[in-house]
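Biologist: I would like to learn how to read a protein structure feature by feature. Could you take me through this one, giving the general idea before each case?

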Amino acid sequence: MATLQYPNFPRANVLVFGTDAVQALLPSTLISQAEALLLAHRLEDVADLAEQQRKRLQSVLNSERYEIDELRYVNQRLGFQCFTETLFEDAGNRLYEGELDPRVLVSYYPELRGALFSEEDTVDIMAGVGEHMPPEDSVDDIIAQNLVRNYSPHLSPNTREAPPAVELRNVLSMTARDMLESYLRKWRRKLAVEGNGPYVQAMRMVVDTVLAKLHVATGKLPDLSALVEQPNALVLSEIEPVLVTSRHIDVLCKLYKQHGDDGKLLDAWSKLVDGEWTDASVQNPLDRIFHLLSDRKDRSLIQRWMAWLVKKDSDRALKLLLSTMPSKRKADDDRVLLEQIREANPDAGAQLLEHLVVQRRSTDADLHTQLASVYADQLLSCLSDESTSKLWRAKASSYASGRSESSFISYFWSTTPDSETKRIRLKTALFLQGSTLYEPETVRTRLSAHAKVLKLELAILEGKLGNHRSALSILVHDMKDSTSAEAYCTLGGEVVPAKTAQLIGERSGLQPWAALVTPLAAPGKTQKPGAAPMKRQKTVDEDVKKDLVMILLEVYMSGGETTADRTAQLLNSQAMNLDVVDVISMIPPEWPLRILSTFVTRSLRRTLHAHHEGQIVKAISAGQNLAVAEMTWSVIREQGALVEEAIDDGADDSEDGDGGEKLGLELGERVQGEPGSFNEKVPLHDQFSDDAAAADGDASTVDINVTPSSTARELLDGLGQSHSDEGYDVET
């Protein structure tokens with residue numbers, strides 16, 4: 001709705017005063033002249049009149065405000081008159097000269113206006129102009145009304161269906177749009193130098209948005225791109241559906257960037273990738289998505305798009321996710337993210353699970369069990385390939401038939417050609433050996449159907465379950481891998497030694513998996529490249545080691561004479577952990593004596609050596625005790641001692657006197673038949689004085705307290721002997 005602005009009244013220079021009235025002689029004003037000419041439909045004369053007034057005002061340094069407003073009024077009246085008569089080019093020029101608010105003209109183009117402004121929005125319009133504005137709602141209605149007025153009923157059947165009328169209507173519509181475009185271009189240049197007030201900003205939004213729609217409708221893509229790249233006030237909600245419909249997605253993406261709407265920008269690129277939208281000017285939309293997410297590093301945004309990205313490029317998607325994933329995350333968050341990615345791409349889910357467990361060192365037992373199941377599925381998938389199955393069977397057969405001193409896993413790694421299946425099996429073996437959080441029983445159940453091929457994996461699982469006899473039987477009898485079997489006993493139940501795992505990891509690029517079984521480097525040594533191990537170097541209990549060696553010995557013996565040589569080697573190498581009596585009782589009587597000769601000889605020699613060593617140590621200790629006693633004798637003797645003895649109940653009172661007898665004895669002297677008590681912790685002279693010797697002697701306990709002096713203690717320290725209190729106290 002418009003707010004009417006009334007023009008100023010003309011000024012009179014001559015007034016006539018009558019008895020009952022005042023009359024004024026008014027000059028002919030610009031407005032009155034223009035109105036008269038418009039009423040006579042002399043449009044060219046009105047244009048000449050306005051042009052003369054414009055030149056006159058330009059020649060004057062200071063023009064009156066009302067004169068400028070009158071000229072604006074005339075131009076607007078003439079412009080709307082031309083607009084009504086479909087003289088669109090003249091209408092646009094006159095309306096611009098009259099500085100008509102562009103929103104008023106845009107209101108006659110509802111298909112371009114959209115929701116830029118509503119009926120509640122207002123603009124200022126002069127009263128005379130508002131009264132003569134076209135009453136039609138749109139420019140199309142103005143054109144139709146003009147055709148009816150000029151050509152009806154001369155065109156049949158009517159002005160809407162007659163071909164000449166239809167063609168003329170189209171031409172007039174194009175002319176009207178061209179006029180509007182030219183009009184808005186002029187206003188855009190004018191507004192560029194205006195201020196930034198609310199009124200000006202509102203006009204800029206309308207001008208830029210409608211002008212962009214006109215460029216789209218007319219296919220002027222360079223003009224549209226120039227408009228977008230320059231500072232603009234485009235209303236995104238208005239121009240967005242127009243650009244989508246016209247498939248100008250590149251321009252739309254530029255607008256999204258300008259408005260900082262990353263969500264809509266990613267959505268537009270994703271639709272281009274999916275083929276829902278097409279625009280040849282947008283190159284590599286998927287790469288743009290990855291670059292934008294990498295630059296923003298918005299974890300919530302990345303996680304929201306991750307399920308879609310893993311469907312398109314799982315490797316890059318996971319790399320992007322892992323680069324922004326915090327070092328400390330809740331296990332529940334990991335599970336939720338893992339489930340989302342797994343639903344979108346199972347392979348990507350397996351890679352993420354592998355990263356969480358192997359790289360991030362997750363301690364979630366459920367994730368470890370899931371990864372173990374994934375590795376089991378991958379092994380079974382490898383075996384489904386006939387060529388892989390034959391290759392693995394051939395490797396097991398060739399190793400069992402030979403006499404290799406290396407373990408089976410080392411043999412498999414060194415002789416098998418590099419392939420993804422080889423990498424999968426090595427990763428599985430290292431993980432099954434290194435992880436202590438998964439459920440071995442579940443994995444063993446899944447792999448048991450291929451026990452003839454996956455003997456190594458089953459041996460590891462049996463060891464995890466504590467079935468040592470079964471694990472050793474697989475290693476010795478099925479795989480012929482005595483090296484791993486003996487290492488199994490030494491390491492307390494591990495099939496893959498740490499050094500072997502580390503070597504395989506370094507040579508095959510599997511350091512994170514090898515670190516699961518590789519202990520930490522010793523203090524002061526540099527850690528080798530790779531992920532940090534999950535556990536420190538462990539020590540094997542000697543009793544456990546002895547039990548495992550005995551089990552291995554029984555397993556060897558169960559193989560009969562075919563394993564006699566390995567039995568002899570085990571006896572010789574593990575003699576420290578075997579009892580000769582137990583071993584002799586286990587050896588079958590038909591086995592040759594050479595198997596036991598070396599073991600028995602070494603055991604007897606070791607027993608005799610231990611006996612002689614004990615005698616030597618005992619003799620040395622006795623000699624040291626005598627030397628110390630001899631050297632401390634004089635020191636303790638110098639300290640002196642006071643001996644108090646109990647009075648014999650059966651003795652004569654006359655012999656002992658009234659108060660008993662007190663004897664002062666030198667150290668080393670004994671009273672016949674009386675025990676002595678020495679306590680070197682209490683100084684003798686501090687506890688007993690000369691007065692104590694004269695006291696009553698009716699005590700019932702004799703205490704001899706001896707305290708070595710500082711000189712004696714220094715002497716003992718110099719000899720390297722202990723000067724503990726033991727050996728000096730005798731209780732009576």
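Modeller: Let us start with a term that we shall need throughout: a residue is called buried if its relative accessible area is under 20%, exposed if it is over 50%, and partly exposed in between. Please keep in mind that the model before you is predicted.

Biologist: Is tyrosine 183, then, buried or exposed?

Modeller: Tyrosine 183 has a relative accessibility of 1%, and therefore it counts as buried. Tyrosine 96, with a relative accessible area of 23%, is partly exposed.

Biologist: How should I read a pair of aromatic rings?

Modeller: A pair of aromatic rings is described by the distance of the centres and the angle of the planes. In this structure there are eleven aromatic pairs. In the pair of tyrosine 96 and tyrosine 183, the ring centres are 6.3 Å apart and the planes stand at 90 degrees, so this pair is edge-to-face. Because tyrosine 96 belongs to helix H4 (residues 88-97) and tyrosine 183 to helix H9 (residues 163-191), the pair ties together parts that are 87 residues apart in sequence.

Biologist: Which residues do ring pairs link into a cluster?

Modeller: The cluster consists of Trp392, Tyr399, Phe408, Tyr411 and Phe412, which are linked by ring pairs. Phenylalanine 412 also has arginine 425 lying over its face, at 5.0 Å from the ring centre. Elsewhere, the charged end of lysine 190 sits over the ring of tryptophan 187, at 4.6 Å from the centre of that ring.

Biologist: What is the idea behind a salt bridge, and how many does the structure hold?

Modeller: Side chains of opposite charge can pair when their charged atoms come close. The structure holds 32 salt bridges, and one of them is formed by the side chains of glutamate 67 and arginine 56, with 3.4 Å from N to O. Since glutamate 67 lies in helix H3 (residues 65-84) and arginine 56 in helix H2 (residues 43-59), this pair ties together parts that are eleven residues apart in sequence. Glutamate 67 counts as buried at 14% relative accessibility, whereas arginine 56, at 37%, counts as partly exposed.

Biologist: Where do arginine 296 and aspartate 262 lie?

Modeller: Their side chains meet in a salt bridge of 2.8 Å, N to O. Arginine 296 is found in helix H15 (residues 285-296) and aspartate 262 in helix H14 (residues 262-274), so the pair ties together parts that are 34 residues apart in sequence. With a relative accessible area of 44%, arginine 296 is partly exposed, while aspartate 262, at 18%, counts as buried. Salt bridges can also share partners, and in this way Arg65, Asp69, Arg72, Glu99 and Lys190 are joined into one network.

Biologist: Finally, how do I read a pair of strands?

Modeller: In a regular strand the side chains alternate between the two faces of the sheet. Here strand E2 (residues 14-17) and strand E3 run antiparallel and are joined by four bridges, and a hairpin connects E2 to E3 through four residues. Leucine 15 has alanine 24, in E3, as its bridge partner.

Biologist: Why does leucine 25 count as exposed?

Modeller: Leucine 25, which is found in strand E3 (residues 22-25), counts as exposed because its relative accessibility is 58%. Together with Val14 and Val16, Leu25 forms a nonpolar patch on the surface, and the three have about 270 Å² of accessible area together.

Notes. Residues are numbered from 1 along each chain as its sequence is written. This is a predicted model: local features need pLDDT of at least 70, side-chain atom pairs count only at pLDDT 80 or more; totals for chains, interfaces and linings use all residues. Side-chain values use heavy atoms; hydrogens and water are left out. Patches are made of residues with over 30% relative accessible area and no salt bridge: like charges are joined within 9 Å, nonpolar side chains (Val, Leu, Ile, Met, Phe, Trp, Tyr) within 5 Å. Accessible areas come from the Shrake-Rupley method with a 1.4 Å probe; for residues, only the protein chains shown count as cover. A salt bridge is a side-chain nitrogen of Lys or Arg within 4 Å of a carboxyl oxygen of Asp or Glu. Helices (H or I, at least four residues) and strands (E, at least two) are DSSP runs, numbered from the N terminus. Buried means under 20% relative accessible area, exposed over 50%, partly exposed in between (1.4 Å probe, protein chains only). Two strands pair if DSSP finds at least two bridges between them. Rings of Phe, Tyr and Trp (its six-membered ring) pair if their centres lie within 6.5 Å; planes under 30 degrees apart count as stacked, over 60 as edge-to-face and the rest as tilted. A charge sits over a ring if NZ of Lys or CZ of Arg is within 6 Å of the ring centre and within 35 degrees of the ring normal.
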